[in-house]
Each structure stands twice: as structure tokens, then as C-alpha cells.
Amino acid sequence: MLEISVFYEVAALLILASVVGLIGVRLHQPMIVSFIIVGMLAGPAGFDIVQSTDHLQLLSELGVALLLFLVGLKLDLNLVRTLGAVALNTGLGQIAFTSIVGFLICLGLGLDVLTSIYVAVALTFSSTIIIVKLLSDKRELDALHGRIALGFLIVQDLAVVLAMAVMSALTAEATSDGGLGGALLGLAAGAVPLLLIWGIVSKLANPLLQNMARAPELLIVFALGLATAFAALGDYLGFSKELGGLIAGVALATTPYREAIASRLTSLRDFLLVFFFISLGAHLDLRVVGAAVGDALVLSLFVLVGNPLIVMIIMGVMGYRKRTGFLAGLTVAQISEFSLIFIAMGLTLGHVNEESVGLVTLVGIITIGLSTYMILYSQQLYARIERFLGIFERRVAHREEKYAGGDFDARFDVLLVGLGRYGRALYTRFSDAGFKVLGVDFDPDVIRQWKGSGATVIYGDLLDPEMCETLPVDGTRYVVIAVPPHEIGLTHEDPRITLVEALRSRGYAGQIAAIGRSESDVAMLQKKGTDIVLSPFTDAAERAMERLFLHPARAEQEIEGGLGR
């Protein structure tokens with residue numbers, strides 16, 4: 001009878017999560033917020049659906065262990081050496097600022113020292129999952145600010161590892177009769193077998209996975225078994241399940257199968273984490289949460305404003321433009337799922353009370369909810385406050401000049417914006433035809449690759465008004481915008497229209513060509529001042545028809561020549 005009731009309970013929770021999640025999607029909210037609200041609705045203060053707490057706790061613990069396993073899987077130790085100075089300096093600077101100032105704010109709010117440490121550390125983590133999803137949807141993940149943000153989010157992930165280790169030390173000290181010395185001795189004794197087993201697994205990982213990869217199901221079962229086994233071992237040896245799961249992931253991080261494992265386990269991780277957030281929301285006492293609203297608003301304001309400010313200050317000092325610093329800074333204006341996991345672990349270990357968990361959870365709901373809109377509408381937000389941000393930019397933003405380059409005194413025949421597949425093909429054909437071409441793209445890696453091949457390219461973001469105003473279009477005969485419509489983000493900002501309007505407002509009288517798709521899209525582009533609307537698929541089909549039917553003999557010769565080769 002118990003199993004049936006648990007089944008019904010899980011079914012009801014999943015249906016409720018689907019309904020609330022759908023509302024969250026319509027409001028552009030991350031699922032974390034929706035699932036915590038589901039827990040609050042399903043808990044004692046709501047519909048009181050959650051009864052089988054032990055079963056939900058097991059599922060949530062599996063989800064957290066799997067989450068940390070995947071974090072470890074992504075933490076290739078060789079990646080640390082590839083992080084740029086801006087990622088390291090900004091990441092470490094933000095962590096230090098948030099933890100120190102956050103600790104002082106918590107003390108000012110009347111929290112005890114240990115609770116203040118936990119809450120302050122929880123405030124330092126930003127959600128890599130949420131930020132990557134938002135920037136990817138906006139097509140900004142490969143932009144300069146997106147790359148920088150991803151870099152210091154990796155630094156934060158490394159900080160998670162350190163925080164877990166420190167927490168293990170605190171746990172050991174609390175349970176040891178020998179004080180700190182006995183705690184460290186106990187940790188060392190426990191670390192030896194854990195690291196020994198980790199070393200053996202790391203050594204045997206490649207040949208083992210090579211054999212298991214022939215059966216993808218076996219590969220996933222092995223990865224899950226390894227994650228849970230290390231989690232159990234870490235817990236048994238006096239560390240934590242979370243740290244054990246993370247170490248298991250690091251053991252496989254340098255194997256060529258890590259991407260295959262990660263891609264197959266991501267959906268399972270997301271499913272199991274649903275129960276963690278539901279369980280977290282269900283255990284919240286609304287009376288406690290209500291009493292913590294004032295403190296939560298203070299800490300939320302600190303995260304929403306203080307974290308972006310410190311990122312902008314550091315990046316400004318390092319020589320980045322205020323726009324780049326602002327857009328990158330918005331990505332740390334929230335706490336993450338790791339913050340909730342961290343404070344929940346503190347509760348399990350007896351270091352903090354339920355009031356502290358409720359406080360951090362409320363801060364999470366507020367900051368994640370508001371920062372999502374701040375990131376989605378970052379361009380409009382920047383346009384409104386740009387005039388106040390001059391103090392965050394040095395007179396010469398030398399860090400971004402290396403991406404600009406180009407001979408701005410020269411005149412170009414063609415300005416080609418967008419160096420994707422279609423843009424690359426156009427650049428090659430323009431150059432072969434004898435035109436002098438200047439390429440523009442927002443991906444720093446693309447700029448470096450093109451410059452390495454001797455091409456004339458500069459960095460430029462179409463949504464940046466300053467970039468549109470400084471493009472060297474004097475004497476340029478054609479401006480070709482090779483940015484396809486599907487790369488337009490969620491906030492209704494059309495970079496093609498932004499550039500066309502900026503060029504026409506500057507008095508540019510040359511020909512402007514842009515990619516269009518639908519009839520309404522073509523009409524809009526033409527209305528804004530576009531002379532030629534390109535349709536890559538239609539144009540390619542017409543070219544194929546021309547080659548096949550207007551010049552069939554030539555087409556047959558080309559086909560025969562191709563078969564002969």
C-alpha cells in the first residue's frame with residue numbers, strides 16, 4: 001500500500017511541477033524558481049501532497065550527487081591553465097568581494113558567525129546552468145562578454161570544490177574529540193583511501209570506458225554507479241556525498257568519453273533535481289520565510305547590485321569597455337542551485353538552522369527571478385543607464401583594441417558583418433573577385449582565426465550602438481549583413497535593423513544587403529532602408545537550377561569530373 005501511495009504522490013508532484021513550470025516558461029523564469037514554488041504549494045502550507053519525505057530525500061540526494069558528478073566531469077584540470085587573466089581576476093575578485101562584504105552584512109543583520117559564513121559563501125555562487133541557457137538563447141554565448149562570463153563561472157565552479165572541502169573540515173572538527181588537530185588527522189586518514197581509489201579509477205578509466213562504450217547503456221550505468229559509489233564512500237570516510245560525487249566526476253574528466261556521458265546524464269540530473277528543489281520548498285516554513293523577508297531583500301539587493309558592480313570595476317581596471325563589463329556583470333546578479341545545496345548541507349550537518357535555509361532560498365527566488373529579466377533585457381537596460389557608467393571605463397580600453405585591429409584609414413569595397421558559414425563563403429568570393437573586404441564578427445575566437453589567416457577583420461557586436469557609429473563605411477560600396485534571422489535573441493532586438501538604422505542615420509548612401517526569410521521579414525528590412533534582401537536557400541536553389549538546366553552541358557562535365565576524382 002505504501003508503494004502505491006508513493007507512486008501517486010510522485011505522479012501528483014510531477015503534474016503540479018509541469019503546470020507551474022509551464023507558467024514559469026511563459027514568464028521566462030528558470031525552472032529552479034518554479035520547482036521551489038511547487039514544493040511550497042505541495043508542502044504543509046499548501047496542498048500537503050508531500051508525505052513520503054524519505055523517498056523524496058533519496059531522490060534529491062541522488063540528484064545532488066549526480067549534479068556534482070557532472071560538475072567534476074567538466075572540470076578538466078588542464079582547463080585551469082587555459083583560463084585567461086580576466087576570468088581568474090574577475091572570478092576571484094567577485095568571490096572575495098561577495099564573501100567578505102556579504103559576511104559583514106550578515107553580521108549586521110544579527111546572524112551568528114558560522115551562519116554568516118555559510119550565507120556569505122552561498123551568495124558568491126552564480127548559476128552556470130541558468131546563465132549558459134540565457135546567453136545561448138540570446139545568441140550571446142560566443143560574444144566577448146559571454147566568453148568572459150563563462151570563464152569566471154568556471155572559476156566559481158572551482159570555488160565550489162574548495163567550499164566543499166572546507167565544509168568537510170568543519171564537519172570533521174565538529175565530530176572529533178581532538179579539536180582541529182584531530183579533525184585534520186581524521187580527514188587525512190580518510191583522504192588516503194579516497195584518493196587512492198580515485199587514482200586507480202583515473203588510471204583504468206580509459207580502457208574501461210573504451211570497452212563499455214560499445215554499449216551506451218552500460219556506459220551510463222557505470223557512470224551512475226561510480227557517482228553514487230564515490231558519494232557513499234565520501235560520506236562513509238567523513239567527507240560528504242556531494243564531495244564524493246564531484247571527485248568521481250574529476251576521475252573521468254580527462255577521458256574522451258566525458259562529453260558522451262555528460263550529454264546522456266544531463267536529462268536524468270535535471271529530473272532528479274526536481275525533487276531536490278521540491279523538497280527544499282516543501283520544508284520551508286512560511287512563517288519563518290515571512291519573518292526573513294526584510295533580511296532577504298537586503299541580501300538580494302546586495303547580490304543584484306553589488307556583484308555586477310565589482311565585476312564592472314575589475315573589468316574596467318583591466319581595460320575593458322563599460323558595455324562589456326556591464327553585460328558580463330549581469331551574469332553574477334543571482335545565486336545558484338549550488339548556493340541552495342551548500343546551505344542545505346549546512347543544515348544537514350547541524351551548522352545552520354532552518355531559518356538560514358529559508359533566508360537563502362528566498363534570496364534565490366528573488367535574485368534568480370529578477371536577474372533573469374535583467375539578462376534578457378540587458379541591451380535595453382544598458383541603453384537607459386549607459387550615461388552613468390563612464391566611471392567604469394578607462395580612457396583607452398586597450399583589452400578590446402586587440403580585437404579591433406584593421407586599417408581604419410583604408411577604404412573598403414565591402415563591409416561584411418557576420419563570419420558564419422554563409423559569411424565565410426561570401427568573404428572568400430568577394431576577395432577572389434578582387435574586392436577589398438573588411439569582416440566584422442562578435443566571436444573573439446573567430447576574429448583570432450581569421451587574423452591568423454591574414455584576413456582583415458575586426459570585432460563588433462551589432463547590438464552595440466557605439467560599434468555601429470564607428471564602423472569605417474566612408475567610401476564603402478556595399479555593407480552586407482550576413483547574420484541570419486534565426487540568430488536574433490529573445491528580447492526582440494534585431495541586430496540587422498539596429499545596424500541598418502544606424503548606417504542610414506549616419507548618412508551612408510551605399511548599398512545595404514541583409515539576409516531575410518519570410519515575406520514580412522523582407523518587407524520590414526526594405527522599409528528600414530535595406531536595398532537588397534538575400535535568401536541563402538532560395539538563391540542556392542536558383543543557382544542549382546541555372547547550373548542544371550540553363551547550362552546542362554557544363555553541369556554534366558562538372559559531375560563527371562567530380563566522379564572521376
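Reply: The model is predicted, so local features need pLDDT of at least 70 and side-chain atom pairs pLDDT 80 or more, while totals for chains, interfaces and linings use all residues. Residues are numbered from 1 along each chain as its sequence is written, and side-chain values use heavy atoms, leaving out hydrogens and water.

Helix α21 spans residues 444-452, and its buried residues are Pro444, Val446, Ile447 and Trp450. These cover an arc of only 160 degrees around the axis, which puts them on the same side of α21; the arc is taken from the directions from the helix axis to the C-beta atoms. Helices are DSSP runs of H or I with at least four residues, numbered from the N terminus. After α21 comes glycine 454, with a positive phi near 90 degrees.

Elsewhere, the largest nonpolar core holds 78 residues, of which Leu123, Phe276, Phe277, Phe338 and Leu340 touch the most other members. Helix α17 (residues 354-376) gives the most to this core, with 10 residues. A nonpolar core is a set of buried Ala, Val, Leu, Ile, Met, Phe, Trp, Tyr and Cys residues joined through side-chain atoms within 4.5 Å. A second, separate core of 31 residues includes Ile148, Tyr320, Ala328 and Leu534.

Terms used:
Buried < 20%, exposed > 50% of the residue type's maximum accessible area, 1.4 Å probe, protein only. Helix = DSSP H or I, 4+ residues; strand = E, 2+ residues; numbered from the N terminus.
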